[in-house]
Each structure stands twice: as structure tokens, then as C-alpha cells.
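Please examine the sequence and the structure shown here before reading the briefing.

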Amino acid sequence: MKELVERYKIKAYYLALGMVGNKDEAFDISQEAFIRVYKAAGKFKPDRRFFPWFYSIIANLCKDCLKRREKWDSRQIDIDDNDFLLVAETNPEKIILKKETARNIRKAIMRLDFSSREIIMLKHFRDLSYDRIAEILKIPKGTVMSRLYYARRKLAEILSEYE
Amino acid sequence: MSEEKYRIMLSGYIDNELSPEEKRDFEVHLEGCADCRKELESFQKLQEVTGAMKYADIPEQVWEGYWSSLYKRMERGVGWIFISIAAIMLLCFGCYHFCADFLLNPEEPLLLRIGIGCGFIGFIILLVSIIRERLFARKRDRYDEVTR
């Protein structure tokens, strides 16, 4: 179990972070996902790949977390307090994004519906191939392309509102 | 091929996921479609903007303590399961004796039995409600780590 945790903890945390946009909740979800894996270890078929199964556990926990947030906390998370995405560039001369743009991206991503946000995070922030995304989300490759198209269109629309 | 299909292919095009034939076909369409060119430009801009961002890092000591924190959480989970089983068993035992020895005992005055019975039910409902509320509040407490 420890080996599994060491291998997947970072992936689990960042996947959850992209979907819930809050560091504490993402940390909590990543740990809860391992507990679910431990409890359901008997149900896992060895001929299946581990990561898509693990991913579905994380995605379900994220959905529960977002539902709970909607139900119990009428305020949406404060984007300024949840800087889960930052400008990667360190060289001031090469900085093409200002802090304001980064903030807008965070806000826009959090306004997407779950399935759009999920596919944007997998492609844009984890840089996975369509085959890999199809395997993880258990959907055909063509659906990955169409879902990604509509998600990008939505994201671009939301971002244009901030410009 | 319909316009919508070409639009969807836009994603595959910028991600380099189209087959050589699809790519050629799409590029021919792109030449004559101003809307697709405009959308391609907006997607490329989106890619550029998101490509210049990264996830916020987490301090190394958090990763170092990850396993021990998870282990403690699992250990506590097992503890809670046993405590819950014990509590349910004791509660059932208590309820059974309370009903058998007092509520259904004809030797006790009827009015007293009804009164205490109602009070007991009310107490159980309040207890369950408070426990449920506390459990949700603990998960949602933003100021849990604040030292008062």
C-alpha cells in the first residue's frame, strides 16, 4: 500500500486540485481516495489498469465535494485565496501573463461544468494524449475530441467576458 | 463533412491528434472557412495562456508526512468503526431493557411511561441531529487550524 501511495500521491493531489480548486480539499480527497482503494482492494480486477479505476474514485470524490460545497456553502470558493494555478514563467522578460490573467483563468475554469473542467485539466494541465484521456474517462477517442472542443469553446467564451 | 464536424476537428488539429488524411482534409477546409480560422486562433491563444501556467507547488514536508498522515487517518477510521459498533450494540441493549423493563411494564404508572417515552424519543432525535450537524461542520470549518 505504501508503495502505491508513494507512486500516486502527487498525481492524485493535482488531479483533485484541478477539479475542486482548493488545496486543503484536494489534499483531503487524495487521502480519502487511497482509503477507498484500500477498502475496495478486493473488488479490483488485476487484469484492469489501476490508474483509470483510481481516477474514477478521485472524480467521484471531487463531485461529492463540489455537491457538498453547493449544498452547505452558498459562497463559491474565493479564487484569490485558492491560487491553485500560477504563472509558470520565472523570467520577468518572458512573462506573457500578468497575475490578472492567471486569476481570470482560475475563475473561468471554476465556472466550467464538471465534465468540461475535467477534460481541460487532463489535456491542458497534465498534457495527456487523447488515447490516455479516453482510457481514463472510459470514453471513445472521438468523444474526447468533441468534449474537448466544446469545453475549449466554453472556456474561451468565459475568458472573453473578463477581457 | 458537416461544419460542426470540422469544428470538432479543430481540437484534434491543434493537439496534433488527427490522422494525415484528416489533417489534409481539415487544412483544405480551413483555407476557405474564416470562422474556423478565428476559432483556431482563439484556441491557440488559450493553449498559450494555459501553457504558461502551472499548479501551485506544495511544500516538500507535506509530501514527506503524507504517508504517516494517511496511516493515522486509516488507523482512526478502524478505531471509529469499532467504537460505532460498540455504541450501536450498547444502545440497542439499553433500548431493549428500557422498553422491556420500564415502558412495557404495567406496574409503572401509564402517564409516567408515556412522558418518559416521549422525552427519550426527543433526546434521540436531538442527539442524531447534533451529531450530523457537527460532522458536516467539521468538514466545512475554514478556521479549523486557527489558534484562538
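This is a predicted model: local features need pLDDT of at least 70, side-chain atom pairs count only at pLDDT 80 or more; totals for chains, interfaces and linings use all residues.

Residues are numbered from 1 along each chain as its sequence is written, and chains are lettered from A and ligands numbered from 1 in the order in which they are written.

**Domains**

- Chain A is divided into domain 1 (1-75) and domain 2 (85-163), with bounds that come from an automatic or database domain assignment.
- In chain A, 9 residues of domain 1 are in contact with 10 residues of domain 2; two residues are in contact if their C-beta atoms, placed from the backbone, lie within 7 Å.
- On the domain 1 side of this contact, the elements that give two or more residues are α1 (2-20) and α3 (50-72) of chain A; helices (H or I, at least four residues) and strands (E, at least two) are DSSP runs, numbered from the N terminus.
- α3(A) gives the most to that side, with 6 residues.
- Chain B is assigned domain 1 (3-51), domain 2 (59-105) and domain 3 (109-148).
- The centres of domain 1 and domain 2 of chain B, taken over C-alpha atoms, are separated by 56 Å.

**Contact between the chains**

- The contact takes 35 residues from chain A and 28 residues from chain B.
- On the side of chain B that touches chain A, the largest share, 7 residues, comes from α5(B).
- By class, that side of chain B has 16 nonpolar, 6 polar and 6 charged residues; Ala, Val, Leu, Ile, Met, Phe, Trp, Tyr, Cys and Pro count as nonpolar, Asp, Glu, Lys and Arg as charged, and the others, Gly among them, as polar.

**Helix α7(A) against α3(B)**

- Helix α7 (residues 141-162) of chain A packs with α3(B) at an angle of about 80 degrees, with their axes 10 Å apart; axes are lines fitted to C-alpha atoms, for helices over the stretch in contact, and angles run from 0 to 180 degrees between N-to-C directions.
- α7(A) and α3(B) are therefore roughly perpendicular to each other, a term for angles of 65 to 115 degrees.
- A:Arg152, A:Leu155 and A:Ala156 of α7(A) make the contact with B:Ser42, B:Phe43 and B:Leu46 of α3(B).

**Helix α2(B)**

- Of the 13 residues of α2(B), the number buried (20 or more other C-beta atoms within 10 Å of its own, placed from the backbone) is 1, so α2(B) lies largely in the open.

How values were computed: A residue is buried if 20 or more other C-beta atoms lie within 10 Å of its own, exposed if 12 or fewer, and partly exposed in between; C-beta atoms are placed from the backbone. Angles under 35 degrees count as roughly parallel, over 145 as roughly antiparallel, 65 to 115 as roughly perpendicular and the rest as oblique.
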